[in-house]
Amino acid sequence: MKAPLLHLPKAHGLYNPNNEKENCGVGFIAHIKGKPSHSITVDALEMLARMDHRGGCGCEANTGDGAGILTDIPHNFFIKEIESLFAVTMTQGKYAVGNVFLPQDATQRELCMKALEKSIADEGQTLIGWRDTPIDVDKADVGKIARESQPIIKQLIVGKAEGIDTPAFER
């Protein structure tokens, strides 16, 4: 039997106190009709900045857990990037982009990348390429301790195999 919840608001709208857990904060900001908007990103970043404890904090004020926001693929940007970097013309819904956190060690990183590339080929998909993710650790005020363990972040771009319709590629 679940212990009674004390000092919580009553159920209202989407909120139900029975769903409370001992977890770190999570926020959700979206347009109710799914309309993309820069203001949603601005609001999400503001919400993230106001969360006092997001899962991990260290002795440095600027070393934390690396929490962030999840957004839809900015198609106009990526279609141009893919063409510029890989000389491939893509259309919306025919590719995927994944942020991959890789080891700092070059040998280990190469091993991980090759394993992902093999998996893509095994699934009959097409590797478009790896994009270096621009990161400015000084502007982001990343702490010394965080920098020491910071992964190499690359974006993996995969093209949809012809004739395959999966929810992952549908919008």
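Analyst: What follows takes the labels one by one, for a model that is predicted.

User: What makes up the secondary structure of the chain?

Analyst: The chain has four helices and three strands. From the N terminus, the elements run α-α-β-α-β-α-β.

User: How many of the residues count as buried?

Analyst: The chain has 171 residues, and 19% of them count as buried. The cut-off is under 20% relative accessible area.

User: What order do the strands take in the sheet?

Analyst: The order is β1-β3-β2, in an open sheet with antiparallel pairing.

User: Why do β1 and β2 stand at the edges?

Analyst: β1 (95-102) and β2 (126-132) each have a single partner strand, so one side of each lacks a neighbour in the sheet. The average twist from one strand to the next is 25°.

User: How do you know which strands pair?

Analyst: Two strands pair if at least two bridges are found between them. β1 and β3 are joined by eight bridges and run antiparallel. β2 and β3 (residues 152-159) have six bridges, also in the antiparallel sense. Both counts meet the cut-off of at least two, so both are pairs.

User: Why is β3 called largely enclosed?

Analyst: Six of its eight residues are buried, so the rest of the structure largely encloses β3.

User: Which helices lie against the sheet?

Analyst: Helix α3 (residues 106-122) lies across β1, β2 and β3 and runs at about 150° to β2. Helix α2 (residues 75-86) packs on the sheet as well, touching β1, β2 and β3. The direction of α2 makes about 95° with that of β2.

User: How do you know that the span of α3 agrees with its number of residues?

Analyst: At 1.5 Å a residue, its 17 residues should span 24 Å. The end C-alpha atoms of α3 are 24 Å apart, so the two agree.

User: What makes one side of α3 the buried side?

Analyst: Arg109, Met113 and Ile120 are buried in α3. They cover an arc of only 30° around the axis, so they sit on the same side of α3. The cover over the buried residues of α3 includes β1, β2 and β3. The face turned away from that side carries exposed residues: Thr107, Leu111, Lys118, Ala121 and Asp122.

User: Why is alanine 121 called exposed?

Analyst: Its relative accessible area is 51%. Exposed means over 50%, so alanine 121 qualifies. The residue is found in helix α3.

User: What is found at the start of α3, and what follows the helix?

Analyst: At the start, a side-chain oxygen of aspartate 105 comes to within 3.2 Å of the backbone nitrogen of threonine 107. Glycine 124 follows α3, and its phi is positive, near 80°.

User: Why does glutamine 125 count as buried?

Analyst: Its relative accessibility is 18%. The cut-off is under 20%, so glutamine 125 counts as buried. The residue lies in the loop between α3 and β2. A polar atom of its side chain lies 3.0 Å from the backbone nitrogen of alanine 161.

User: How do you know that the buried residues of α1 line one face?

Analyst: The buried residues are Ile40, Ala44 and Leu48. Seen down the axis, they fall within an arc of 70°, so they line one face of α1. On the other side of α1, His38, Ala49 and Arg50 are exposed.

User: What span should α1 have, and how far apart are its ends?

Analyst: The 13 residues of α1 (residues 38-50) should span 18 Å at 1.5 Å a residue. Its end C-alpha atoms are 19 Å apart, which agrees.

User: Which share of the contacts joins residues at least 24 apart?

Analyst: The share is 61%, among contacts between residues at least 6 apart in sequence.

Technical notes: Residues numbered from 1 in each chain as written. Heavy atoms only, no water. Axes fitted to C-alpha atoms, helices over the stretch in contact; angles between N-to-C directions. Contact = heavy atoms within 4.5 Å. Expected span 1.5 Å × (residues − 1). Buried < 20%, exposed > 50% of the residue type's maximum accessible area, 1.4 Å probe, protein only. Arc of directions from axis to C-beta. Polar contact = N/O pair within 3.5 Å; in protein donor to acceptor, adjacent residues only side chain to side chain.
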